[in-house]
Amino acid sequence: MIDTAGLIEVRWHGRGGQGAVTSTELVAQAAISEGKYAQAMPAFGAERRGAPVLAFLRIDSNKPVLVRSEIDEPDIVVVLDPGLLSVIDVTSGLKAGGILVVNTPRKPEEVVKEFKLSCSTATVDATRIARELLGVPIVNTSMIGALLKVVAVISLGSLEEPLKQRFGKLADKNIKAMNRAYEETIVKGVD
Amino acid sequence: MSNRVGIEVSRAIAVAAKLARVDVVAAYPITPQTHIVEDIAELVANGELDASYVPVESEHSAMSACLGASAVGARAFTATAGQGLELMHEVLYVASAMQLPIVMSLANRALSSPLSIWGDHSDAMSMRDTGWIQLFAANGQEVLDNILCAFRIAEDRKVLLPTVVHLDGFHLTHVIEPISIPEPSEVDGFLPPFNYPLPLDPDKPVTMGAFAPPYIYPETKKAQQVNLLAAKPVILQSWKEFGDHFGRYYSPVESYRAEGAKVLLLTMGSYSETATLAIDSLRKDGKMVGALSLRLWRPFPFEEIRQAVKGADVLIVLDRAVSFGGPGGPVCSEIKAVLYDEARRPKIVGVVGGLGGRDISPSDFVSIINRGIEISQTGSEQEFEMFGVRE
């Protein structure tokens, strides 16, 4: 389990346009609204739609976040596009005891086996959830639900206000998608 | 009552401009601009900020429009970054020489070529000698607070000088973090309305920034030098009063575990906070190290720096800009000059790093400090070293 009292570092892998950066912003805002410390930071690049992108999220329940460099040794890695698993080493630098969270219809065991992973792995079919509830395959808000399933550092309810601010009348659908993904996320620990 | 929110630092600057009740914002909104002026334009369009937003055709025009606005007594603000600052460069000197208290935020970015939109202090150093009051910020809260202080300092009758708040491109501008936003009434209590003593007035025409032949030009420059130095007590007083109002106190040089430290690392901007993590880790190993962060860059805090390094044997200075072919980074060169006449001074080691957005992690800072200690003992063949550069 991840120690929720200390600094938690989450690296998000997505593709340009999938909303990885937005996810980190929303979670950081929610954490800060709970009185915690948080930092959301895009990978500083020339973003192009469809290209692999990174976004970084830090949450600390007790102390200000002082480090501003990119996250090389994350506690958690969130992958918005399962296709990235065969393109880049998403678990690079993942801390011992760290968790990989992937948007895929497959079970965690299957992902662990195919990619020969040695870390705890969680999966959720966020694309299906997003299609059903939002009508578009934009999975970033669903993946927030998946993240909170593996690390209960903030409550799902705290996301509602940031989601409302960001999405206006589309917020309710996104909140539903987040909650559904939270319910459906399956976590498999290391054997 | 302030409101603690998670907000992108660029957007917090727009909020600061609103809280300062700016009258005129002139800016060029295209790359390398940030969200700052985009948000200000929105605030003005929504009627949340009663100001004129002038979307000019270049940064040169942005600063020129600010000159005019300030000269008629309007509170003027602009924001730029990197190449944008370079394009407004010649007008920067005019603002200070004509004593127009414009406030600007500068998202510090590297300069072309090669094209880089990432952060370093090359742009900041290019405006070193423009006569502006210059403050650096280490985090988002400092940025917002110092924008408010900047208006207060710039517009003080004893000062009347343009003021820039430097903030690191990306490492601050694009980061969402907790920032306490003060209530408008609290800010009104700290920042009085702008009351320029000599506004342009058609009924009382004056000439500003006129032609100066050799018999008068040096006197104008001496006046600028005297005036900029005289701004320092006002800066200190403004920070003190800001602290009394809002509970956050600022000083020209911040120190971290510097008490009794034999080795000090000096940085400017957002890397200052990351460096403190390296200090903690080295202290755990029993090394007597500490950190200094230079917040006030112009007017230079001579006495504070001399005091801050008094007990140290080694002072390592990190620059995020290069003076090509020169004696080191601009900050290190100045620190050396300032300490040269001291009977007892630390060995000073110059390191250039973090160019064009290259990360410096806490463990990199440990390496920089250890290498600095080594150089202080053995010397180096180079005037300064560039950290982490592949050769």
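**Notebook: chain B, loops, rings and overall form**

I began at Thr34(B), which is buried because its relative accessible area is 8%, where buried means under 20% relative accessible area, exposed over 50% and partly exposed in between, with a 1.4 Å probe and protein chains only. I noted that this is a predicted model, in which local features need pLDDT of at least 70 and side-chain atom pairs count only at pLDDT 80 or more, while totals for chains, interfaces and linings use all residues. I kept to residues numbered from 1 along each chain as its sequence is written, to chains lettered from A and ligands numbered from 1 in the order in which they are written, and to side-chain values that use heavy atoms, with hydrogens and water left out.

**Around Thr34(B)**

I placed Thr34(B) in the loop between strand 2 (24-27) and helix 2 (35-45) of chain B; helices (H or I, at least four residues) and strands (E, at least two) are DSSP runs numbered from the N terminus. Setting aside neighbours within four places in sequence, I found Thr34(B) in contact with Ser10(B), Ala107(B), Arg109(B) and Thr173(B), contact meaning heavy atoms within 4.5 Å.

**Backbone entries**

I looked up the cis peptide bonds and noted one between Ser112(B) and Ser113(B), with omega about 0 degrees; Ser113(B) sits in the loop between strand 5 (103-108) and helix 6 (122-126) of chain B. Another cis peptide bond joins Arg298(B) to Pro299(B), with omega about -5 degrees, and Pro299(B) belongs to the loop between strand 12 (296-298) and helix 11 (302-308) of chain B.

I then turned to positive phi values. Arg21(B), although not a glycine, has a phi of about 55 degrees; this residue lies in the loop between helix 1 (9-19) and strand 2 of chain B and counts as partly exposed, at 47% relative accessibility. For Gln99(B), also not a glycine, phi is near 55 degrees; Gln99(B) is in the loop between helix 5 (89-97) and strand 5 of chain B, and its 31% relative accessibility makes it partly exposed.

**Aromatic rings**

I counted nine aromatic pairs over all chains, taking rings of Phe, Tyr and Trp (its six-membered ring) as paired if their centres lie within 6.5 Å, with planes under 30 degrees apart called stacked, over 60 edge-to-face and the rest tilted. Phe77(B) and Phe151(B) form a tilted pair, 6.3 Å centre to centre and with 40 degrees between the planes. This pair links distant parts of the chain, since Phe77(B) is in strand 4 (residues 76-81) and Phe151(B) in helix 7 (residues 140-155) of chain B, 74 residues apart. Phe77(B) counts as buried at 0% relative accessibility, and Phe151(B) is buried with a relative accessible area of 0%. I also noted the tilted pair of Phe194(B) and Tyr196(B), 5.7 Å centre to centre with 45 degrees between the planes; Phe194(B) and Tyr196(B) are both buried.

**The chain as a whole**

Chain B has 13 helices and 15 strands, and of its 391 residues 56% count as buried. Its radius of gyration is 21 Å, which agrees with the value near 21 Å for a compact globule of 391 residues; I took the radius over C-alpha atoms, and the globule rule as 2.2 Å times the number of residues to the power 0.38. Along the principal axes, the C-alpha atoms fill a box of roughly 70 × 55 × 45 Å. Among contacts between residues at least 6 apart in sequence, 82% join residues at least 24 apart.
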